[in-house]
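This briefing is meant to be read with the sequence and the model side by side.

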2 protein chains.
Amino acid sequence: MVGSVVLSMAPDEHFLIESINATGTNATGTLIDTESRDAQRVLIASTLTFLVGILQVIFGVLQIGFIVRYLADPLVGGFTTAAAFQVLVSQLKIVLNVSTKNYNGVLSIIYTLIETFEKIGTTNIADLIAGLLTIFVCMVVKELNDRFKHKIPIPIPVEVIVTIVATGISYAADLEKKYNAGIVKSIPRGFLPPEPPKVSLFSQMIAASFSIAIVAYAIAVSVGKVYATKYDYAIDGNQEFIAFGISNIFSGAFSCFVATTALSRTAVQESTGGKTQVAGIISAGIVLISIVALGKLLEPLQKSVLAAVVIANLKGMFMQVFDVPRLWRQNKVDAMIWVFTCIASIVLGLDLGLLAGLLFGLLTVVLRVQFPSWGGFGNIPGTDIYKKVKDYKNVVEPEGVKILKFASPIFYANIDGLKSSLKSTVGFDAVKVYNKRLKALRKIQKLIKKGKLKATKNGIISEPGINNEAFETDEDPEDNQDLQVPTKEVEIQVDWNSELPVKVNIPKVPIHSLILDFGAVTFLDIVAVRSIKTIIKEFERIDVRVYFASYQDNLISQLERSAFFDDTVRKDMFFLTVHDAVLYIRNQMTYSDNKDPIFEKIALMQESKEPIEFTETSRPGDELDVQEEAMRRLAS
Amino acid sequence: MVGSVVLSMAPDEHFLIESINATGTNATGTLIDTESRDAQRVLIASTLTFLVGILQVIFGVLQIGFIVRYLADPLVGGFTTAAAFQVLVSQLKIVLNVSTKNYNGVLSIIYTLIETFEKIGTTNIADLIAGLLTIFVCMVVKELNDRFKHKIPIPIPVEVIVTIVATGISYAADLEKKYNAGIVKSIPRGFLPPEPPKVSLFSQMIAASFSIAIVAYAIAVSVGKVYATKYDYAIDGNQEFIAFGISNIFSGAFSCFVATTALSRTAVQESTGGKTQVAGIISAGIVLISIVALGKLLEPLQKSVLAAVVIANLKGMFMQVFDVPRLWRQNKVDAMIWVFTCIASIVLGLDLGLLAGLLFGLLTVVLRVQFPSWGGFGNIPGTDIYKKVKDYKNVVEPEGVKILKFASPIFYANIDGLKSSLKSTVGFDAVKVYNKRLKALRKIQKLIKKGKLKATKNGIISEPGINNEAFETDEDPEDNQDLQVPTKEVEIQVDWNSELPVKVNIPKVPIHSLILDFGAVTFLDIVAVRSIKTIIKEFERIDVRVYFASYQDNLISQLERSAFFDDTVRKDMFFLTVHDAVLYIRNQMTYSDNKDPIFEKIALMQESKEPIEFTETSRPGDELDVQEEAMRRLAS
């Protein structure tokens, strides 16, 4: 990421020179002033480091460390694997000693890979052999180290040995001259003097610094998390931010590079027993000696050997791929996060890939909340426990009561899901039923007015031969003009579960109560509150009472604030448990049934100016005053 | 949005011509070939429309209509208000007759606004007066229309009247010549012949078409949703997509513009009683007549009058701002979505703003899930109901049992929240306690080895004067070197709630059981499963058993898949209800207490090679065989 900033701010084209006496590459056409280019690039990199450090300190002070929480393990796994792939591709072209353009941004790694393979004919055989040998030796020795780690006191430092041997061979055989091998050439010795960062560049690199500050931190902390789990301690995200920030501000002043973590080196130090900061001081000391004294000696070393050492160390990272099948078995969503982050980081680059992975992770959370498990619940006989009807045998749904548990918060994205699960649980569409009923009512009224239908004590008696006229061509029930019925003229109370004299296909409503188990509804947004209110009213219209059970404590006050309650929607709809609600409903029904046993009959009442004749029919065993009954029902 | 595509693909610079005889603007320097420019722009716009249509049909077929769900009401409110603001700014410069650059992309509306005010000195007074008058008249008449809507048969068509009057005045007073007013000038009459879309442009506009297809659809559907709610019908998101798609494909071939909805016109048609597609046909017919016959007559009309008519119609959109305070009272998060979407749509432009609003909305869902309500629960005496200790008086926590309800799914982003709520509920940090205990154990072992401490039947008796040596400087408990205690040498069972002979400050653990109420835990991700397993083991280490209650049915199978269960973590930790778990624990404890009443004492057991002397102390009333007891506890 630092490289892409450096390349975009100081590309080769800025340093093209015509003269021959400049320190040039061996390009044939124009020459590049590599010295001033590199000086400029170092300045950009160190300025970037300084800026990143400042940002990290700011993030730490602002307590932005919480973002660590969003780095889920699968995300870190996919991301680090993609990072390893990026490193592999960049090292591959060095092993092959193939020069490619410096690609930047989206798909750059793919382009680099393609170009590398297109130019594979230009491979330097000496470099390739040295690289492959190095990879092989490193892999084998590391495998041995791992297998016999209890028998040997310290792991064999194979990288050091290989580097020294390869340097010797290259020097002795003069690989550069004979085979045109790519060697390290000049390693600058000693230290650069401290240099103030170029503040004028800040504005150009602020966006990149932002993502580098986050990504560098995120990588380091995710590795840290692994060891925190292993050694039972906790990472303070903000403290890490401040530590990295100060480190980067300091090193930015000394032409250093943005600091993050190196997983392989960390693993080596941990496995060889380094536990405190002393281990860090010792390794820093050795590096110091190398820089000051040993740098010159490494100049004949082939670059491909160094690249091969890096590749050999990527093995652990790539092994993470084998976690994916296990992850898939355990949790498909998490496996998808892994794969998505990995692919996105390869395709989009590490910074955008991490962002995409983060967003994808958050999206999965939304989707998991949005599509909860739901189902009709029933009573386990003899207990107050309610379980899903589908999953449990011998679960009994209370007579005329449906219980729906929708196991998630309800908000704008899943309110449609709630509605459709409601429909499928109760078995009908409350709006449709209401519209059909209105339509039927209108037809009955028409027929009554025409005198073709008579309201009786026990039902509506139709004259023969009128059914065809009232026949309903099964039109769209959403046809709204039908709803404009002047129902005030004739008010009719109809038992909708009985046979009607008009052929309107009204879905049967076999329930009188609906209980929503809100046990997992931890919040409602304003859309949900409004929709639930609508749902209640839609069901009330077709004489189904809605109750809520096992709600969260803070729900009532939230609903109060949202103007949820009114004359129809009252607080006595809320019950502590599903069983309480069922018991209440059962009580209500027992009471109501005593006075109102007119199932499968039609009660008809009129308050219109032209009173309908009530003709006595000869049905036996009917002792109810229908009109009074209907009055009572209207009043209740 | 169409305009920005058109401007970026056919900017004025493409049509600069030197010759004078081209139809030019009155610019002094170079001239712009407006005819070929406009032809090109129309082609681009209609091609775009065609492509948008294709995309919309594809979206419809692919069932992408579900995205409607993510258009929460507050988001739609904020977005349409921002859209109204955009329109206002674009019309404002026409009312003032101030010419500005065509800004594009992020912040373009702000730049336009700034430039408009910078150039406010160049305002054309005639246009301004005409515009202000129009706005005033329109507003007043609309207000009257609204106030007396029950008394007048149809609303006064003020826009039509104003337009006709303004055209007459402009023509009579020759405003263009006298005051240099901006008039409509040429309205092309008739229809353009159908023109095939330029497929070669598709690749350049695919990204823009994508967002236009979504945004146009999203706006139309969100308005549709309002009337769907009002008239009790449901919108099929995919059907809408296909309808818009076919409409755009068709009209794209006739040099038309992308279709979406016009909230104000929709509102007018609805309020004047238009209900079916017939209303659409009638208005289309009138527009047709205007184009064919009346266009020429409108040419002297001032543009500022038209702009003013538009502005006067935006009132309803801006009135939405007054929803925000109510929304804030009802639900702060939803109010934040409104404000964020509105600001983002103004600052970033409508397309990016809608995207930002969508993401923000999803983020709020994540945050609401991530920071659930939680608390220690207690029993309401005499019932099996458990409620939050903080919220309810007279709630009793069972002896030695803590009950935590964490009311949300548990996943990577809130696992830290679960841990910290656990800590604060139980009152100690399980890891810290364990580390401190290990430390104390090590010290006790040292002292025993040195002979300064003796393990007794009833406790550890310290020789006088050794306490200072064992004094603990209150170091960081995370100091891991202390954990490397070779505890195998001497195994000691200590009652950690008693006074210890070493001065290690070990937090007291007043509980033996912890119940996690999983009633609202609707899913767990892999990070959560692992962490919960760790939590269980951390508590087991300090002799606190963890139980789970009122879990969701699918949880057990999910946990099984995730390799959650093993020898320590068993399924018998799961209970149907909190009360069941409490009863079980109470039973266990009663049984256990009968045999193990050694509270406030120390049990010490040794299996080391060098046996510790057990000295009989003179404490009365002690009849327990401590060693056997300790053995039993270890074995259990």
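How many residues of domain 2 of chain A are in contact with residues of domain 3 of chain A? In this predicted model, five residues of domain 2 of chain A are in contact with six residues of domain 3 of chain A.

**Domains of chain A**

- Chain A is divided into domain 1, covering 2-366, domain 2, made up of 374-428 and 509-595, and domain 3, made up of 433-507 and 605-635.
- On the side of domain 2 of chain A that touches domain 3 of chain A, three residues are nonpolar and two are charged, while no polar residue is found there.

**Contacts between chains A and B**

- Between the two chains, 50 residues of chain A are in contact with 50 residues of chain B.
- At least two residues each of the side of chain A that touches chain B are supplied by helices H3 (73-96), H14 (323-330), H15 (332-348), H16 (350-370) and H19 (526-541) of chain A.
- The most is given by H16(A), which contributes six residues to the side of chain A that touches chain B.
- Sorted by class, the side of chain A that touches chain B holds 26 nonpolar, ten polar and 14 charged residues.

**Strand E9 of chain B and its partners**

- Strand E9 of chain B, residues 545-549, is mostly covered, in that four of its five residues are buried.
- Strand E8 of chain B (residues 513-517) runs parallel to E9(B) and is joined to E9(B) by five bridges; within this pairing, B:Ile515 has B:Tyr547 of E9(B) as its bridge partner.
- E9(B) also pairs in the parallel sense with strand E10 of chain B (residues 574-575), here over two bridges, and B:Ala549 has B:Phe575 in E10(B) as its bridge partner.
- A right-handed β-α-β unit is made by E8(B), helix H19 of chain B (residues 526-541) and E9(B).
- Another right-handed β-α-β unit consists of E9(B), helix H20 of chain B (residues 555-561) and E10(B).

**The loop residue B:Asn505**

- B:Asn505 is placed in the loop between strand E7 (460-462) and E8 of chain B.
- Is B:Asn505 buried or exposed? B:Asn505 is exposed, because 11 other C-beta atoms lie within 10 Å and a residue counts as exposed at 12 or fewer.
- The C-alpha atoms of B:Asn505 and B:Lys439 are separated by 9.9 Å, although these residues are 66 residues apart along the chain.

Conventions
Residues numbered from 1 in each chain as written. Chains lettered and ligands numbered in written order. Predicted model: local features only at pLDDT ≥ 70, side-chain atom pairs only at ≥ 80, totals over all residues. Buried ≥ 20, exposed ≤ 12 C-beta atoms within 10 Å, placed from the backbone. Pairing = 2+ DSSP bridges. Right-handed = clockwise from strand over helix to strand, strands pointing away. Contact = placed C-beta atoms within 7 Å. Nonpolar A, V, L, I, M, F, W, Y, C, P; charged D, E, K, R; others polar. Domains from an automatic or database assignment.
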